[in-house]
Amino acid sequence: MKGRGVALGLLCVVLTGCAGTAESAQVQFFAMDTLMSVTVYGRQGGQAARAVQAEMNRLDALWSRTREDSDISRLNAGAGSGTAVEVDADTGVLLERANTAARESGGAFNPVMAPVMDAWGFTGEEHRVPGGEELEALLPLTLTLPWVASDGEEGGTRAALTQAGQAVDAGAIAKGRAADLAREVLADYTVTGAILDLGGNITVLGEKPDGAPFRVAVKDPGNTEELLCVLTLEEGTCSTSGGYERYFEADGVRYHHILDPADGCPAESGLRSVTAVSTDGTWADAYSTACFVMGAEKALDFWRTGTEAAQTLELVLVGEDGRVYVTEGLAEGFEFRGEEKGYTYEIVYR
Ligand code: AMP
Ligand code: MG
């Protein structure tokens, strides 16, 4: 994996402020296929950051698609066997919430896209463009959601995929759920604030040592070296889905990694990126992906009329036409940097 040797488990503790008031600790490590960076302020910052790292490694071991003994790999291996596999309670919650996102988004979010992702070669080293018939044959595998049953606190959690060949890919929700579990870990320590960067899903909580609110940048999807805008974030997770994050080119055409479950092809919804902010990291992650598939009009409809989870969301939608839609909850402290790059923005109201 690229960069895996870099910055593994790096911990630095910095003392700032005259009276030694604000202590911050930062740890960087590789988990869940991405570089993670955890910055924690407060007396127990170092311990807390290490505990978050341990939690991320635990979740990686449960949810990885490449580790054969992970819950997700065992679930996928048993697809269609008629026998459920025992999974960790946290895997059960992940799957249940993925199923909720699938239902609420009208199928735009789909947790069983793995066979189609594999067909495009996104999982392995070699990318390829699958034929129409190949995709047609795979789509039926994406139509039934994982079965999950929990027997309460005492009993275990079991999960199953009903059709042979089905497979879960939790890539669009796992890091958001991990952010929520990281926040639970931090709650056990004396910390005043934290910034978690779990592969581009940014979670903030508490406050910065200087008491100022956290500011989170949204990249220009046309040039990821530059910023499109800056958001002020109180407490919650900011998750971005964009075609630019993973793609390949074949015969001059660019194919990106967010697939439209309707046809199994890279979603062409007119959006270049979607940033979703929520107090619930799981929803921020799942619905940034779902809204990218939906396109601006449906995504804003969903934001206005969707159920409970949708009500926790605020969005920045960046269109291919250069139009940027920012929902009202993000208006305060919003800083736009896109004018000179040809973007225009508008605030959208519920
Ligand atoms: P994200 O970066 O959170 O938008 O997640 C994108 C990843 O989720 C992809 O790399 C796939 O692993 C997976 N994925 C692709 N399309 C979908 C979809 N329509 N619903 C759920 N997961 C998807
Ligand atoms: Mg996502």
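## Residue S37

The side chain of S37 forms a polar contact, at 3.3 Å, with the side chain of Q26. A polar contact is a pair of N or O atoms within 3.5 Å; within protein, one must be able to donate a hydrogen and the other to accept it, and residues adjacent in sequence count only if both atoms are side-chain atoms. This is a predicted model, in which local features need pLDDT of at least 70, side-chain atom pairs count only at pLDDT 80 or more, and totals for chains, interfaces and linings use all residues. Residues are numbered from 1 along each chain as its sequence is written, and side-chain values use heavy atoms, with hydrogens and water left out.

S37 belongs to strand β3, residues 34-41; helices (H or I, at least four residues) and strands (E, at least two) are DSSP runs, numbered from the N terminus. S37 counts as buried because its relative accessibility is 13%, where buried means under 20% relative accessible area, exposed over 50%, and partly exposed in between (1.4 Å probe, protein chains only). Not counting residues up to four places away in sequence, S37 touches Q26, V27, Q28, I195, L196 and D197; contact means heavy atoms within 4.5 Å.

## The ligand site

Ligand 1 is surrounded by 17 residues, of which the closest are D169, S241, H257, L259 and T289; a residue is near a molecule if one of its heavy atoms lies within 4 Å of it. Helix α7 (residues 281-294) gives the most to this shell, with three residues.

An N or O atom in the side chain of D169 is 2.5 Å from an oxygen atom of ligand 1, and one in the side chain of R246 is 3.2 Å from an oxygen atom of the ligand. The protein buries 93% of the 500 Å² that ligand 1 exposes when taken alone; accessible areas come from the Shrake-Rupley method with a 1.4 Å probe, and for residues only the protein chains shown count as cover.

## Nonpolar cores

The largest nonpolar core has 70 residues, and M56, W63 and L317 have the most contacts inside it. Such a core is a set of buried Ala, Val, Leu, Ile, Met, Phe, Trp, Tyr and Cys residues joined through side-chain atoms within 4.5 Å. A second, separate core of 20 residues includes F214, V218, C238 and F336.

C238 lies in strand β11, residues 236-242, and is buried, with a relative accessible area of 3%. C238 and N201 are 37 residues apart in sequence, yet 5.8 Å apart in space, C-alpha to C-alpha.

Notes: Chains are lettered from A and ligands numbered from 1 in the order in which they are written.
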